[in-house]
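Here's a quick briefing to read alongside the model. Have a look at the fold, then go through the notes by topic.

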Amino acid sequence: MNLFKRESNLLNIANTSKTWDLIIVGGGATGLGAAVDAASRGYSTLLLEQADFAKGTSSRATKLVHGGVRYLAQGYIGLVREALRERGLLLKNAPHLVKKESFIIPNYNWWGGLFYIIGLTVYDILAGKLSFGRAKHLSKKETLNRLPGLKEKGLHGGVVYYDGQFDDSRLAVNLAQTAMEQGATLLNYFKVTGLLKNSDGHLSGVTASNIETGENYQLKAVVIVNATGVFVDDILKMDAPDKKPLVRPSQGVHLVLDRSFLPSEDALMIPKTEDGRVLFAVPWHGKLLVGTTDTPIEYPSLEPVALDAEVEFILRTAGKYMVKAPTRQDVLSVFAGLRPLAAPQNGSSKTKEISRSHKLIVSESGLLTMTGGKWTTYRKMGEDIVDKAIETGGLKSMPCKTAELPIHGSRPNPDRNNHLFVYGADIEKILALCDENPDWKNRVHAKDSYTKGEVIWSVRNEMARTVEDILARRTRILFLNARLAIEMAPEVARLMAAELKKDAAWEKEQVEAFYQTAKNYVLSSVLK
């Protein structure tokens with residue numbers, strides 16, 4: 001039986017009289033981290049996700065594994081130290097997806113170099129044995145050599161420091177696989193619709209619905225974990241309808257450009273823009289990722305849309321530093337993500353005053369809710385959740401194992417020139433799969449190296465259920481080139497339909513649904 005098939009996981013919940021140790025609601029970074037931690041300690045673990053794994057915030061990050069240079073400037077020493085430790089552990093446990101990245105801060109003030117060297121030296125010291133390398137000063141000539149495309153006028157030099165970079169949704173998929181290998185049951189497209197309580201008002205389980213079939217379930221658990229990111233308040237209201245909002249969402253937008261705008265292996269970091277935000281321009285999968293914004297919003301959405309003001313801010317700011325100023329027509333893809341920031345108690349709307357650290361809250365009913373945090377600290381968040389679950393649920397205490405647990409696919413020194421590198425230790429299995437059908441060795445589209453066999457692999461072994469799952473999260477084409485993703489959708493739908501035994505109507509529905517989503521990733525009006 002294939003652990004990674006949705007059908008196999010559905011069989012695990014067929015016995016509704018079973019009481020799970022933990023039911024985790026939410027399949028983003030937080031929920032997946034908790035599932036890996038709980039299952040690796042030996043607890044019976046069920047994770048339910050209403051859409052696809054990492055559909056929300058967890059596939060829309062800036063792709064950085066970092067301690068947070070700006071948090072250091074704000075005095076959050078403990079937060080930075082914790083994140084730097086987690087950064088080092090993640091590089092060790094998922095080297096196929098995480099790598100050391102050099103960042104250059106250009107100095108257009110004569111004193112900038114010294115100022116940033118001092119701060120970044122502290123940053124490196126806080127990393128201790130897990131340091132990625134010491135910051136150092138670069139001359140004007142060295143800065144321009146390393147960042148061709150950077151504006152020369154007024155430049156005094158630069159500072160280079162080191163942080164981490166990763167592929168967020170690929171890590172989410174591998175975490176889901178790791179959790180299943182450790183014994184957890186995970187289901188995407190499975191929505192929690194209510195909470196069950198016993199006679200004394202303590203939580204005893206959830207009601208849930210299989211989105212694909214409409215079948216409803218009542219599932220029992222000792223501990224229920226609310227790890228739904230920006231949607232935590234929805235679950236909290238199921239528990240206590242009068243509960244005040246715990247989260248104040250903040251929207252971050254990223255633009256993807258051709259690498260010709262900054263043809264470098266180094267990333268550009270602008271520590272202070274016109275409104276105080278940090279801006280990154282990071283090489284990622286052969287493109288240039290530029291962002292992010294930080295805009296408070298009122299209501300969360302599974303598919304947030306970039307605001308014109310956010311797009312213009314990024315283009316305007318990038319144009320101040322790049323010789324070739326990007327325009328709307330240059331944007332290959334634009335995507336928005338929501339940060340689940342803990343709501344301020346003083347009524348402030350400034351997101352910089354809203355905590356980035358994670359918070360774990362236990363309600364009177366026993367509901368565990370995790371909010372805040374970031375991808376870099378997902379493992380520690382999972383550890384904290386399970387520690388609290390042991391305490392509140394009276395579970396037998398077992399030590400955390402995830403600091404030393406390799407993540408599925410873990411393989412050191414990947415060949416990043418091979419587009420299959422993100423699969424890590426699964427590469428040979430994908431190549432072997434393609435022997436079943438010679439056509440699967442061919443590309444889905446002539447303009448991209450992604451193969452038909454990878455589509456089949458993701459359906460069979462990564463629980464991909466829709467065209468969007470494939471083009472947005474199993475591969476990152478929607479995020480890298482939205483128009484190309486739209487062109488690829490019909491062939492992906494055809495391949496998936498054959499594998500999933502779906503009909504032509506399903507294919508048509510999938511292509512149309514993907515088009516409706518993908519058009520929000522395209523800026524210009526070329527789509528008809």
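**Helices, burial and salt bridges**

Glutamate 491 has 18% relative accessibility, so it counts as buried (under 20% relative accessible area; exposed is over 50%, partly exposed in between, with a 1.4 Å probe and protein chains only). This is a predicted model, where local features need pLDDT of at least 70, side-chain atom pairs count only at pLDDT 80 or more, and totals for chains, interfaces and linings use all residues. Residues are numbered from 1 along each chain as its sequence is written, and side-chain values use heavy atoms, with hydrogens and water left out.

**Salt bridges** (a side-chain nitrogen of Lys or Arg within 4 Å of a carboxyl oxygen of Asp or Glu)

- The structure holds 41 of them.
- Glutamate 491 pairs with lysine 452, with the closest N and O atoms 3.4 Å apart; the pair links helix α15 to helix α12, 39 residues apart (helices are DSSP runs of H or I, at least four residues, and strands are runs of E, at least two, numbered from the N terminus).
- Lysine 452 is buried too, at 11% relative accessible area.
- Aspartate 168 and lysine 63 meet at 2.7 Å, N to O. Aspartate 168 sits in helix α7 and lysine 63 in the loop between β2 and β3, so the pair ties together parts 105 residues apart in sequence.
- Aspartate 168 is buried at 0%, and lysine 63 is buried at 0%.

**Helix α15**

- Helix α15 covers residues 482–500 and reaches 25 Å from its first C-alpha to its last, close to the 27 Å expected (1.5 Å times one less than its number of residues).
- A kink of about 40° lies at methionine 488, shortly before proline 490; the bend is the angle between axes fitted to the seven residues ending there and the seven starting there.
- Just after α15, lysine 501 has a positive phi of about 60°.

**Helix α2**

- In helix α2, 12 of the 12 residues are buried, so the rest of the structure largely encloses it.
- The buried residues of α2 pack against several elements, among them β1, α7 and α10 (contact means heavy atoms within 4.5 Å).
- Glycine 42 follows α2 and has a positive phi, near 100°.

**Proline 249**

- Proline 249 is in strand β11 and, at 3% relative accessibility, counts as buried.
- Val230, Thr295 and Arg339 are among the residues that proline 249 touches, not counting those up to four places away in sequence.
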